[in-house]
Every structure is written in C-alpha cells, then in structure tokens.
Amino acid sequence: MQPLRTPTGLQLGRTARVVSRAFDEALDEAGGSLPMWLILLNLKIGRPGNQRELAAAVGVRDATLTHHLNAMDARGLITRRRDEANRRVHVVELTEEGEAAFVRLRDAAVDFDHRLNAGLTEAERDALDTLLTRLAANVGAPPSDDPATPPWTGLADH
C-alpha cells in the first residue's frame, strides 16, 4: 500500500497562500500593496490609457479600481484628468511620487522573486511554469496565449 499523498490542490493552495502572504508583506514593507503595484506597473509600462482599460489590465472591477485610485490619489501617487477627446474618460498618470513608489515596489518585487526562486535552476523554473500551466488547464483555465494580456492579470482580486 502506498503512503497517503497530500492532494495536489491542497498542497498548491497552501503554497499559494504562503507565497501570497509573503509577497504582500514584502510589498507592504516597501510602502505598497499588490493592487497598488499592479496599477503602478501598468501605468509605468505605458498602458492602458484610461480607467476602464486599467481595471481590465489589473484584473479588477471598475468600482474596485476607483477605490484603489482614490487612495493612491490621496497619497499623491497619481493624477486623474478628463480626456480632451472624450470628457467621459478619465486618464490616469503617475506623479513624481508615483514614480518613486513604482521604483520601491519594483525593487521589492524583484528581490522577492529572487528569494522565492533561490536555488532553482532555469530548467526547474521552466518545468514549474509548464506544470502550473497544465494544472490550471486541467481545471478549465483557458490558455493565456494573448501577449496583450499580462500573466499577472487578475492577481489583485484577493
């Protein structure tokens, strides 16, 4: 009789919670959060141009994005203005303080990724990516072949 093996879903869920909490703590220590990091990152890489596109890129609803943007605006990280061509559209831009926050959170994210992957070879990382993608596909997640959709879309939904 084989020893009982922890079900993959339980092990993956436990690991995801531990890693997610550790990443949240790393971002918190740098003065941010996952939603803030994803918003700053998407603004920094030059897309999207308005709030609706930004919400889709970050993977949150418009109302949730508005909540985060209000907090970021109050901290002086972003500005919002009406689009000249379409007054119903708000254009979101980074301020100088937002640029500095981006750098802090980028450095925290890179440091965390190095810590998380310590001791793994490139081949092991590639194998992990393949396995995680396969597990997601096994439960019905559509493949993310669209290069316009960043792989971190939806991570702020927690």
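A pocket, on a 1 Å grid over the protein atoms alone, is an open set of points with protein on both sides within 12 Å along at least five of seven lines, whereas a cavity is a set of points where a 1.4 Å probe fits but cannot get out; lining residues have an atom within 4 Å of a point. The structure shown is a predicted model, in which local features need pLDDT of at least 70 and side-chain atom pairs count only at pLDDT 80 or more, while totals for chains, interfaces and linings use all residues. Residues are numbered from 1 along each chain as its sequence is written, and side-chain values use heavy atoms, with hydrogens and water left out.

**View A. The protein chain and its secondary structure.** The protein chain contains 6 helices and 2 strands, where helices (H or I, at least four residues) and strands (E, at least two) are DSSP runs numbered from the N terminus. Along the sequence these elements follow the pattern α-α-α-α-β-β-α-α. The chain has 158 residues, of which 29% count as buried; buried means under 20% relative accessible area, exposed over 50%, and partly exposed in between (1.4 Å probe, protein chains only). Of the contacts (heavy atoms within 4.5 Å) between residues at least 6 apart in sequence, 55% join residues at least 24 apart.

**View B. The second largest pocket and its lining.** This pocket holds about 190 Å³ of space, a volume being the space filled by probe spheres set on the grid points, which are joined across faces, edges and corners. Its lining consists of Asn50, Gln51, Arg52, Asp62, Thr66, Arg88, Val89 and His90. Helices H3 and H4 are the elements that give two or more residues to this lining. By type, the lining residues divide into 1 nonpolar, 4 polar and 3 charged; Ala, Val, Leu, Ile, Met, Phe, Trp, Tyr, Cys and Pro count as nonpolar, Asp, Glu, Lys and Arg as charged, and the others, Gly among them, as polar.

**View C. Gln51 and Arg52, two lining residues of this pocket.** Gln51 lies in helix H3 and is buried, at 15% relative accessibility. Beyond its neighbours within four places in sequence, Gln51 is in contact with Asp62, Leu65, Thr66, Leu69, Arg80, His90 and Val92. Arg52, by contrast, is exposed at 61% relative accessibility. The side chain of Arg52 meets that of Asp62 in a salt bridge (3.5 Å, N to O); a salt bridge is a side-chain nitrogen of Lys or Arg within 4 Å of a carboxyl oxygen of Asp or Glu. Because Arg52 lies in helix H3 and Asp62 in helix H4, the pair ties together parts that are 10 residues apart in sequence. Asp62 is partly exposed, with a relative accessible area of 35%.

**View D. Two further salt bridges.** The structure holds 6 salt bridges. In one of them, the closest N and O atoms of Asp73 and Arg80 are 3.4 Å apart. Asp73 is partly exposed at 34% relative accessibility, and Arg80 is partly exposed at 25%. In another, Asp107 pairs with Arg106, and the closest N and O atoms are 3.1 Å apart. Asp107 is partly exposed, with a relative accessible area of 34%, and Arg106 is partly exposed, with a value of 34%. Side chains of opposite charge can pair when their charged atoms come close.

**View E. The largest nonpolar core.** A nonpolar core is a set of buried Ala, Val, Leu, Ile, Met, Phe, Trp, Tyr and Cys residues joined through side-chain atoms within 4.5 Å. The largest one here has 30 residues, and those with the most contacts inside it are Trp37, Ile39, Leu40, Leu54 and Ile78. At least two residues of this core come from each of helix H1 (8-29), helix H2 (34-44), helix H3 (51-58), helix H4 (62-74), strand E2 (90-94) and helix H5 (96-116). Helix H2 supplies the largest share, 8 residues. Apart from residues up to four places away in sequence, Ile78 touches Leu43, Leu69, Met72, Asp73, Val92, Glu93, Leu94 and Thr95. In soluble globular proteins, nonpolar side chains tend to be buried together.

**View F. Leu77 and its surroundings.** Leu77 is placed in the loop between H4 and strand E1 (78-82). At 1% relative accessibility, this residue counts as buried. Apart from residues up to four places away in sequence, Leu77 touches Met36, Met72, Glu93, Leu94, Thr95, Glu97, Gly98 and Ala101. Between the C-alpha atoms of Leu77 and Glu99 the distance is 7.5 Å, although the two are 22 residues apart in sequence.

**View G. Ala22 in helix H1.** Ala22 is buried, with a relative accessible area of 18%. Ala22 and Phe112 are 90 residues apart along the chain, and their C-alpha atoms are separated by 8.5 Å.
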